[in-house]
Amino acid sequence: MGAVDSQTRQLKFVIVGHVDHGKSTLIGRLLYDTDSLPPSKMEEIRTASAQLGHDVEFSYVMDNLEEERSQRVTIDTAQIQFRTPQSEYVIIDAPGHRQFIRNMVTGASEAEAAVFIVDAAGGVREQTRRHAYVLAMLGIEQVIVVINKMDLVGWSQERFQQVSGELTSFLGQLGITPLLVIPASAKLGDNVAKPSTNMPWCTGAILIDSLAQLRRRRRPQQLPLRLPIQDRYELDGKKILLGRIDTGTIRTGEEVLFLPSGVKAEVASIEVFLQDRTGAEAGESIGLTLRGDEPIGRGEVACPTDAPAAVSGRFRASVFWLSNDAFRMGEQLKLRCATQQVPCTIERIERLTDSSTLELIAQDARQMAATQVGHVVIRTERPIAVEPFAQTPELGRFVLTRGHDAAAGGIITETKG
Amino acid sequence: MPLSKLDELESRSIFIVREAYQQFRKIALLWSIGKDSTALLWICRKAFFGPLPFNVVHIDTGYKFPQMYEFRDEYAVKWDLDLIVGKNTEALEAGMGPEASASKLDCCTALKTEALKQTIGREGFDALLLGIRRDEHGIRAKERVVSPRDRQFKWDYQNQPAELWDHYKNSYAEGTHARVHPMLHWTELDIWTYTRRERIPVSPLYFARDGKRYRSIGCHTCCQPVDSTASNVDEIIEELATTTEAERAGRAQDKESIYTMQKLRAMGYM
């Protein structure tokens, strides 16, 4: 492994698919065949496998909880770094069991791309489709499909085409076109980091080489400024607004508009510790002082005066319910969007759908259970700054909390109800 | 100009630290004097433009390397830290130590976890910033950025909260506290390249003397140095690009049994 270029960012991808289709095993195999595992880790895996009385289990690279190994199922999401001579990756493992969908969504929400696994023998299953829905909802468009366990179907090209066709058409319904579909066996290593000799009919790229096709998601500098304020911090009598720039750039002397309050103010200084700055760009965590003493604090979003976000107290959204306690109409929730937090209610569940079959469960539904998706109208106690998810993800996605816990994730489809 | 990888890592950590400070009543930084929590301390100083608006806590087992105490005392003054030293004096007076106890697990529990419990109880912290990273250990790869611990300190690893995008859990039942992990997404190599770029001071224990250096530091009784000739940060970075040895290979508590780390963390270990 050559010198590490700190200028290259890492690309984060999540491995998704139905329970037991081989997600953790694929990661383990990829790391093992590329010599990415320290010998001590391999030793630990051998010992743990022997203790439980079976062959070396590659999934143990990611499944580190004792319960995960004894029950042979991934419970929670985990991340691991992986390097090829060209690039650096963060691989996010996501549990495939329905019960752990919350952990799957947690893992996937950080990803820029996905490797989608389907068992060649088992074919497209309930969580295969549900995970596809989650990817579509999270806006993850770059997908590589791996048809795994080809050894179990006698390396059959026909079976490969059948499963691949079924999945591709389902993904198509969700607007996802896979970059490529790879027949593989994670357990035996075929087409993961080494080309298979068992499938002469397959001439396409193997998994490790296909990763080079994934593109990093850029922080959009060209989009209008969106800077959600985290805090108003006082230091030596100076009032500094703290926040991270989601999109766009900011300069001293510029007039910015704070939403939802509508206050306009001139940027007096940009504060970065021990640096003299006159500007900052998307991705940076900065401080900001304003000319005048406007009462701006957490929950305001700085925008350019000529390209503001929408301010709305009633909007349309798709909500993926995660909590095991179903939502019932009339319940009060809290909505968190960027650094804004506001009490809200769901006014209508216009359509309730199953996230796996995509079938309509009900129109004007009265409740929403775990893994169901509601296309809803949300009313917030006071107007907040929002945008359609497709336009500015950071202001178009939100979490609904109930009591102390996150109960659902959602994306805004229309900023007006 | 797109931000460099280190800039992005740093920016995310600053974001998390600022969230924690704003969202919790009383937070503190847990400083082990090691390279990771020292980098975190550095990032906290950048997040708040110098002086830290919260306490720094060192859990002292009494068995740390003398160089660590020296480093702590020197920089506590230089950086004007509000330092609290937490120590389970009762257990130490009763003779607890790595030799006296039946297992590493018992010793770590008494001198670290228990000492931390006492400190939190006394000071009333509702969140702690810790410098742990996912790549250190398989169990740590399972952590959330913000992770709740109940009154008994238990980590309910089979039932972790959803953590979507940058919305970390910010509401808790009375008596629980949160562990906040702003460095979770960094690797060992990232820490060292950042330490070099920012010229962050680190303990001399990390640099090779007589062919050995410490890659991970804690109690002198339970840390083994690794073979190395890396005598400065540049050489450590070079060494890490080629080594196949695990970072915590020299840490005794990780090796006692495969799941010791899981058990320690479930009970509230850092």
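**The interface and its surroundings**

Guide: At the interface, 76 residues of chain A are in contact with 60 residues of chain B (contact meaning heavy atoms within 4.5 Å). The model is a predicted one, in which local features need pLDDT of at least 70 and side-chain atom pairs count only at pLDDT 80 or more, while totals for chains, interfaces and linings use all residues. Residues are numbered from 1 along each chain as its sequence is written, chains are lettered from A and ligands numbered from 1 in the order in which they are written, and side-chain values use heavy atoms, leaving out hydrogens and water.

The size of an interface is often expressed as the accessible area lost when the parts come together. Here the area buried between chain A and chain B is about 5900 Å² (accessible area, 1.4 Å probe, that two parts lose on being put together, summed over both). Carbon and sulfur atoms give 52% of that area. On the side of chain A, the residues that lose the most area to chain B are A:Phe273, A:Arg336 and A:His404, which together make up 12% of what that side buries.

Charged pairs also cross this boundary. Six salt bridges are counted between chain A and chain B (a side-chain nitrogen of Lys or Arg within 4 Å of a carboxyl oxygen of Asp or Glu). A:Glu88 forms a salt bridge with B:Lys5, and their closest N and O atoms are 2.7 Å apart. Helix α2 of chain A, residues 39-51, contributes the largest share of the side of chain A that touches chain B, namely seven residues (helices, H or I, of at least four residues and strands, E, of at least two are DSSP runs numbered from the N terminus).

Chain A holds an open sheet of six strands, with mixed pairing and the order β2-β3-β1-β4-β5-β6 (strands pair if DSSP finds at least two bridges between them). Because β2 (78-83) and β6 (180-183) of chain A stand at the edges, each with a single partner strand, one side of each is left without a neighbour in the sheet. On average, neighbouring strands of this sheet are turned by 25° against each other, direction ignored (angles run from 0 to 180 degrees between N-to-C directions of axes fitted to C-alpha atoms, for helices over the stretch in contact). β2(A) and β3(A), residues 88-93, run antiparallel and are joined by six bridges. A:Ile80 stands opposite A:Ile91 in β3(A). Helix α5 of chain A (residues 126-138) lies across β1 (11-17), β4 (113-119) and β5 (143-148), at about 170° to β4(A).

Chain B likewise holds an open sheet of six strands with mixed pairing, here in the order β3-β2-β1-β4-β6-β5. Its edge strands, each pairing on one side only, are β3 (83-86) and β5 (146-149) of chain B. Neighbouring strands in this sheet are turned by 30° against each other on average, direction ignored. Three bridges join β1(B), residues 27-30, to β4(B), residues 127-129, and the two run parallel; B:Ile27 has B:Ala127 as its bridge partner in β4(B). Helix α5 of chain B (residues 104-123) lies across β1, β2 (55-59), β3, β4 and β6 (177-180) of that chain, at about 150° to β2(B).

Over all chains, the structure holds 42 salt bridges. One of them joins A:Asp33 to A:Lys194, with the closest N and O atoms 3.9 Å apart. This pair links parts of the chain 161 residues apart: A:Asp33 belongs to helix α1 (residues 23-33), and A:Lys194 to the loop between β6 and α7 (207-210) of chain A.
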